[in-house]
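Subject: Structure for you to look at

Hello,

Here is the structure I said I would pass on.

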Amino acid sequence: EVFGGNIGKINCKDCLREVNLDDPLYKQRELVCFIDGEISQDFNKYINYVTVSMRKKHPGGDITTDEVRVDRKNFSSEGNSFKLLYGWKPGDNDRRNWLNYEYKTVWNFFGGGSIENDWKPAADQVIPLKAPVNRRTVNIVADADKVKQNNIRSVTVRVYYKVGGEEQFKQTSLNLNKQVYSATVDFILSKDQVEYEYEIDWLMGNNQAIKSGRLKSSFDDIYVDAVPNK
């Protein structure tokens, strides 16, 4: 039949049912993810995407999964706020246990390197996504008097670093003839790394090219005004 008129006047116990919308059976839990830390300011410079996977194991044997991918496009458009969802399943009678879930992340960086984390237990509604890398800045420095004394025309520095097993490099040059005596190189390192490698190419006043070869350092400054004896 088609119900018409005031539904409150229907005398049919089997037609109508009263439910408590606060009952857990009618609840879903929304989790909020966001990119945390310094890397959030430089997301577009270093990160292709991060995938967040969630799984909820219910006592009755059901498993709820959800996944969200944060990339350069939706990071900007969605204001660094991303949602995952799971609901109440038969057997979820322990409210405290219902709040427990697991999540894992896969970070993919420029150059193709990836870092995948293991499943991590959690209960909080907010998931801060902490990148497994740190941003690093190295200063390239030359002293004007030493440059003139050593007859150096220009300097090129390449900084090598690895993220997710893939080696990458950043390069910068000092045009000493135009009195450019300093520069900076920004890059990222895995959080368990403190050292990076670098190489210096000098072009001398007589157009002779001199290379330093690959060197290691953990310092924030690279001085490029002393040429090795060749």
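In β6, Glu116 is the bridge partner of Val106. This is a predicted model, in which local features need pLDDT of at least 70 and side-chain atom pairs count only at pLDDT 80 or more, while totals for chains, interfaces and linings use all residues. Residues are numbered from 1 along each chain as its sequence is written, and side-chain values use heavy atoms, with hydrogens and water left out.

Strands (E, at least two residues) are DSSP runs, numbered from the N terminus; two of them pair if DSSP finds at least two bridges between them.

Tyr101 has Ala122 of β7 opposite it.

The open sheet

An open sheet of 3 strands has the order β4-β1-β8, with mixed pairing. β4 (82–87) and β8 (126–130) are at the edges with a single partner strand each, so one side of each has no neighbour in the sheet. On average, neighbouring strands of this sheet are turned by 25° against each other, direction ignored; the axes are lines fitted to C-alpha atoms, and angles run from 0 to 180 degrees between N-to-C directions. β1 (residues 28–36) and β8 pair in the parallel sense over 5 bridges. Asp36 has Lys130 in β8 as its bridge partner.

Thr64

Is Thr64 buried or exposed? Thr64, which is found in β3 (residues 63–71), has a relative accessible area of 14% and is therefore buried. Its side chain makes a polar contact of 2.8 Å with the side chain of His58; a polar contact is a pair of N or O atoms within 3.5 Å, where within protein one must be able to donate a hydrogen and the other to accept it, and residues adjacent in sequence count only if both atoms are side-chain atoms. Leaving aside neighbours within four places in sequence, Thr64 is in contact (heavy atoms within 4.5 Å) with residues including Met54, Arg55, Leu85 and Tyr86.

Regards

How values were computed. Helix = DSSP H or I, 4+ residues; strand = E, 2+ residues; numbered from the N terminus. Buried < 20%, exposed > 50% of the residue type's maximum accessible area, 1.4 Å probe, protein only.
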